[in-house]
Amino acid sequence: MLEKIARPDEIRRWPGDMPVRHRYTPGVGGDAFFTALHERGVVLGSHCAACGTTYVPARRFCERDFSELSADTEVGPAGQLVSFTIVFAGIEGEPLDRPDVLGAVRLDGADAVLIHRVLEPGEEPLEIGERLEVVVRPEGERTGSILDIEGFRRTD
Ligand SMILES: [Zn+2]
């Protein structure tokens, strides 16, 4: 394992299955984030009064100064595109019927970015700094997952 792989096609693979099951808990802040998204259709963050940073999703502690935080700040639903990529292959390398566009958006009131699909970006190229907004699934279709957010769309 000390060899350096310079080209991705040189990576050796052994096909097979690993019967692994796991459960990941979102934690106190993540639970508040998903509950707010599920029940109210809003994006919830945590503001640190000590350093002024607003995290998204909500979290329990500030990673800069270890202040205790609460899930107390609604952000968005609009924000600014800070980065994006276009994905042509699925997670197993299979070609996608239609490329996916993923955007990193700093929602209004937040310092962190949220990454999600950009819905129907259209023919006009995306530009860093343009305004996008969160599209949340209608009440009754939400399940308390990150997919309660359908994605971002351009604001008009
Ligand atoms: Zn802080």
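## Salt bridges

A salt bridge is here a side-chain nitrogen of Lys or Arg within 4 Å of a carboxyl oxygen of Asp or Glu, and by that criterion this predicted model holds 9 of them.

Among them is the contact between Asp-9 and Arg-7, whose side chains meet at 2.6 Å, N to O; Asp-9 is exposed, with a relative accessible area of 56%, whereas Arg-7 counts as partly exposed at 46%. Arg-7 and Asp-9 also belong, together with Glu-10, to a network of salt bridges.

## Pairs that link separate elements

Arg-40 forms a salt bridge with Glu-74, with the closest N and O atoms 2.8 Å apart, and this pair links distant parts of the chain, since Arg-40 lies in helix α1 and Glu-74 in strand β3, 34 residues apart. Glu-130 and Arg-154 meet at 2.7 Å, N to O; Glu-130 lies in the loop between β6 and β7 and Arg-154 in strand β8, so the pair ties together parts that are 24 residues apart in sequence. Glu-130 is buried, with a relative accessible area of 18%.

An open sheet of 3 strands runs in the order β2-β1-β3 with antiparallel pairing, and its edge strands are β2 (54–55) and β3 (73–75). Strand β1 (residues 43–47) pairs with β3 over 3 bridges, and Thr-73 in β3 is the bridge partner of Gly-45.

## Nonpolar core

The largest nonpolar core has 17 residues, of which Val-43, Val-56, Leu-107 and Phe-152 touch the most other members; β5 gives the most to this core, with 3 residues. Beyond its neighbours within four places in sequence, Val-56 is in contact with residues including Phe-33, Val-43, Gly-45 and Val-75.

Key
Residues are numbered from 1 along each chain as its sequence is written. This is a predicted model: local features need pLDDT of at least 70, side-chain atom pairs count only at pLDDT 80 or more; totals for chains, interfaces and linings use all residues. Side-chain values use heavy atoms; hydrogens and water are left out. Two strands pair if DSSP finds at least two bridges between them. Helices (H or I, at least four residues) and strands (E, at least two) are DSSP runs, numbered from the N terminus. A nonpolar core is a set of buried Ala, Val, Leu, Ile, Met, Phe, Trp, Tyr and Cys residues joined through side-chain atoms within 4.5 Å. Buried means under 20% relative accessible area, exposed over 50%, partly exposed in between (1.4 Å probe, protein chains only). Contact means heavy atoms within 4.5 Å.
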